[in-house]
Amino acid sequence: MIKPHRNQPLWYAYILHRISGVALALFLPAHFYILSLALNEPESLDSMLHWAEQPIVKFAEFGLVFLLAVHLFGGLRLLALEFLPWKPGQKTFAAVAVAFAFFVALVFLLRAI
Amino acid sequence: MLSIKLYIAQRLTAMLMAPLVLLHLGVMIYAIQGGLTAGEILGRTQGSFFWGLIYGLFVVALSIHAAIGLRVVIYEWLGVTGARLNWITTAIVILLLGLGSKAVYAVVLS
Amino acid sequence: MANEGKTIKVLLSRGDNSNSALKEYEVPAKESQTVLDVVTWIQRNLEPDLSYRFACRVGMCGSCAMTVNGKPRWTCRTHVSKVMDGDKTITIEPLRNMPVIKDLACDLNEFFEKWTKAKGHFIPTKTRDDQVQLISPNEKARREANAGIECINCGVCYASCDVVENDSSYLGPAALNRAWTLVNDVRDGGKIERLKAVTSEGGCQSCHSQQGCTTYCPNTLNPTRSIAGLKKVAAIATLKGEM
């Protein structure tokens, strides 16, 4: 259960940034491994890419794109917070970052299917 | 645990990667239509100095960025400290650099 | 009187760090009643040995902060009507992230030691024989300092911070906010020394900008903004080789 003092938008922005970061870091070795197949086993790479045509995998890719985009936009928000003059409306910025990420992931999904 | 130097490295790699990730998202959205094939990917990347440089930079920056990020999470949530934490951070950098360079080599120079 | 005969159900934390439990009390409801009024009523009428702190009762001294229904608050200026949840219960516990001495009284030693560690004291550059330095209140640095200066050391930000919870070396929002006001004080002579202090183990760089401190600060200060200021100034000073 989320403790009452954490129940505020910018804590959710923090936890989303952390979880997306960890998830992307865990995904990267697999991503790199599959691309490396191009070196010695191009046919395995093609069979992987063919496997990725399944709707369920497409949907998982939508999730990955969302994680990458939300980490990017959330990260830009944090860089602006730390290195640009302070702006009020931090909650709005966090919400906009999530909305942008969702939009990017949705465009990806619509192009994929 | 997170020294100011690691903090700076984390933020500088983030600034470096922001345009790279935007580009990566753009390429993904562009390339995904009609499905991906090995030939299509390699046709874009093989022998390309531009993509070699972009992905090479990307791999170096993300290895540093991810290792520092995971270091903080491992410290805060799993309570690992001291030399062990340093070893784990270094191992993550080496693992990501190794796998990442191999992937870049495979799609650019193979 | 609208509240005639009505009571509030109160769950109060009794005991210390090693052994504490919530105990239930019925307290008469009053008009414009504060959480501190409730605690005081229990101490005067039911539990003479209840331990808690307060002094000014008007939001100046910063000694009465407690966890009310899970959130850190200054109890003297928190109305019961504001924090009551649906089932008409109010849970009052000591502040988080601090050792509990007894009941609602916390040990604030570490909290204040971190102010010292962050070099939260003014380092003068002039003597009493010098002219008083004229500083325009409109100067950028002075405005930055003024924005953070009204801290009453209540510990609410410290209790709301996840980084403090996860990293015992973290200096915390209050101490870092204090350091930032001094970094912006043109009369102060300890800038580099202070930047070194706030970037050592558990310094400003550990902050994740969750902004719980800013959300709950009863004086509506913005420690996240102060810490972000420290990060930027310290990072630039480090890159320039000034530290």
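Which residues form one aromatic cluster in chain A? They are A:Phe59, A:Phe62, A:Phe66 and A:Phe102. Keep in mind that this is a predicted model. I'll come back to the rings. Interface first.

Chain A against chain B. On the A side, 34 residues are in contact, and they meet 40 residues of chain B. The two chains bury about 3,100 Å² between them. Of that area, 77% is on carbon and sulfur atoms. Three residues stand out on the chain A side: A:Arg18, A:Phe32 and A:Arg111. Together they supply 21% of the area that chain A buries against chain B, more than any other three residues.

Helix α1(A) gives the most, with 13 residues. By class, that side of chain A has 24 nonpolar residues, 7 charged and 3 polar.

Back to the rings. Over all chains, the structure holds 12 aromatic pairs. I'll take two of them.

Pair one is A:Phe73 with A:Phe100. The ring centres are 5.5 Å apart and the planes stand at 90 degrees, over the 60 degree cut-off, so this pair is edge-to-face. The pair links distant parts of the chain. A:Phe73 sits in helix α3 of chain A, A:Phe100 in helix α4 of chain A, and 27 residues separate them. Buried or exposed? A:Phe73 has 14% relative accessibility; buried means under 20%, so A:Phe73 counts as buried. A:Phe100 comes out as partly exposed, at 47%.

Pair two is in chain C: C:Tyr52 with C:Phe54. The centres are again 5.5 Å apart. Here the planes are at 15 degrees, under the 30 degree cut-off, so the pair is stacked. C:Tyr52 is buried, at 15% relative accessibility. C:Phe54, at 33%, is partly exposed.

What do we need to describe a pair like these? The distance of the centres and the angle of the planes.

Technical notes:
Residues numbered from 1 in each chain as written. Chains lettered and ligands numbered in written order. Predicted model: local features only at pLDDT ≥ 70, side-chain atom pairs only at ≥ 80, totals over all residues. Heavy atoms only, no water. Contact = heavy atoms within 4.5 Å. Buried area = accessible area lost by both parts, 1.4 Å probe. Helix = DSSP H or I, 4+ residues; strand = E, 2+ residues; numbered from the N terminus. Nonpolar A, V, L, I, M, F, W, Y, C, P; charged D, E, K, R; others polar. Phe/Tyr/Trp six-rings, centres within 6.5 Å; stacked < 30°, edge-to-face > 60°. Buried < 20%, exposed > 50% of the residue type's maximum accessible area, 1.4 Å probe, protein only.
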